[in-house]
Amino acid sequence: MSEERYGEFVLVRRHGEGHVAELALDRPKAMNAVSTDMARSIAGACAALGADRDVRVVVLTSTHERAFCVGADLKERNSFSDADLVRQRPVARGAYTGVLELPVPTIAAVHGFALGGGFELALSCDVIVADRTAVVGLPEVSVGVIPGGGGTQLLPRRVGAARAAELIFTARRVEAVEARELGLVDELVEEGRDREEALALGAQIAVNSPVGLRNAKRALRLGHGLDLRAGLEVEDSAWRATAFSGDRAEGVAAFNEKRRPQWPGE
């Protein structure tokens, strides 16, 4: 396993053959509250991982024992003028869109608190694996703001408009079992196993065609919310981008030769 640090608060680990990248939030003294510097590092790490053709899956984790991420750094925000907040906004957005726009499958491994921007980072992933200590929510209206990392758009896509409205308007925190029942998280695992299970899922995904994974994600993301006819056109475009690739030729050959594919990734 290799490691690379992005700034002071973000660590990237490569697992196995490097196809599974772990993006670890590493600001334990602040329970991973996202400061300006940390947001910039998350965006930088995502840009590098998105451009790396060896990466097939990204798993978003936390090094803090009791929290995934508690959201924006409100202590830093308390010192901001309006002009400071305006200047910081594109940097903050860059962290969330960095995760959201990763071109490969993404998995969040959540334990403890995942609140506000922390939960939005998880919502930006394709799959959320949570352990039984997880507490999630979007409490922004309780401190005079609204979700600004995609929460008002991503949450209703998961749980429907009415449920998302109730959760955002009440600002309530949701514990792990209810979160799984409501669809706020996808997999519920035993305490302390969120990272292990998320990495195992990542390894299971990473054995598949990198071209196929990227284009399947593209079809899922771009087609969501479209009418059926438009969605099928998105799918057809992604299918064509995959069907004439080296990965398709290798996959068919490996199947017929009863061997493991050696994906060219193109």
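Biologist: At roughly what angle do the axes of α9 and α10 cross?
Modeller: They cross at roughly 170 degrees and come within 9 Å of each other (axes are lines fitted to C-alpha atoms, for helices over the stretch in contact, with angles from 0 to 180 degrees between N-to-C directions). That makes α9 roughly antiparallel to α10, a term for angles over 145 degrees. Helices here are DSSP runs of H or I with at least four residues, and strands are runs of E with at least two, numbered from the N terminus.

Biologist: What kind of model is this?
Modeller: It is a predicted model, in which local features need pLDDT of at least 70 and side-chain atom pairs count only at pLDDT 80 or more, while totals for chains, interfaces and linings use all residues. Residues are numbered from 1 along each chain as its sequence is written, and side-chain values use heavy atoms, leaving out hydrogens and water.

Biologist: Which residues of α9 and α10 meet?
Modeller: From α9, they include V211, N215, R218 and L222; from α10, they include V234, S237, A238 and A241. Contact means heavy atoms within 4.5 Å.

Biologist: Which residues of α10 are buried?
Modeller: G231, V234, A238, T242 and A243 are buried (under 20% relative accessible area; exposed is over 50%, partly exposed in between, with a 1.4 Å probe and protein chains only). They cover an arc of only 160 degrees around the axis, which puts them on the same side of α10; the arc is that of the directions from the helix axis to the C-beta atoms.

Biologist: What covers them?
Modeller: The cover includes α9 (210-223) and α11 (246-257). On the other side of α10, R229 and E233 are exposed.

Biologist: What happens at the start of α10?
Modeller: There, a side-chain oxygen of D227 reaches to within 3.1 Å of the backbone nitrogen of R229.

Biologist: Moving on, where does S209 sit?
Modeller: S209 belongs to the loop between α8 (194-206) and α9. With a relative accessible area of 12%, S209 is buried. A polar atom of its side chain lies 2.8 Å from the backbone nitrogen of G212. Apart from its neighbours within four places in sequence, S209 is in contact with D247 and W263.

Biologist: What about N32, buried or exposed?
Modeller: N32 is buried, at 0% relative accessible area. It lies in the loop between β3 and α1, and its phi is near 65 degrees, a positive value in a residue other than glycine.

Biologist: And what is the phi of M31?
Modeller: M31 is not a glycine either, yet has a positive phi of about 50 degrees. At 21% relative accessibility, M31 counts as partly exposed.

How values were computed:
Polar contact = N/O pair within 3.5 Å; in protein donor to acceptor, adjacent residues only side chain to side chain. Parallel < 35°, antiparallel > 145°, perpendicular 65-115°, else oblique.
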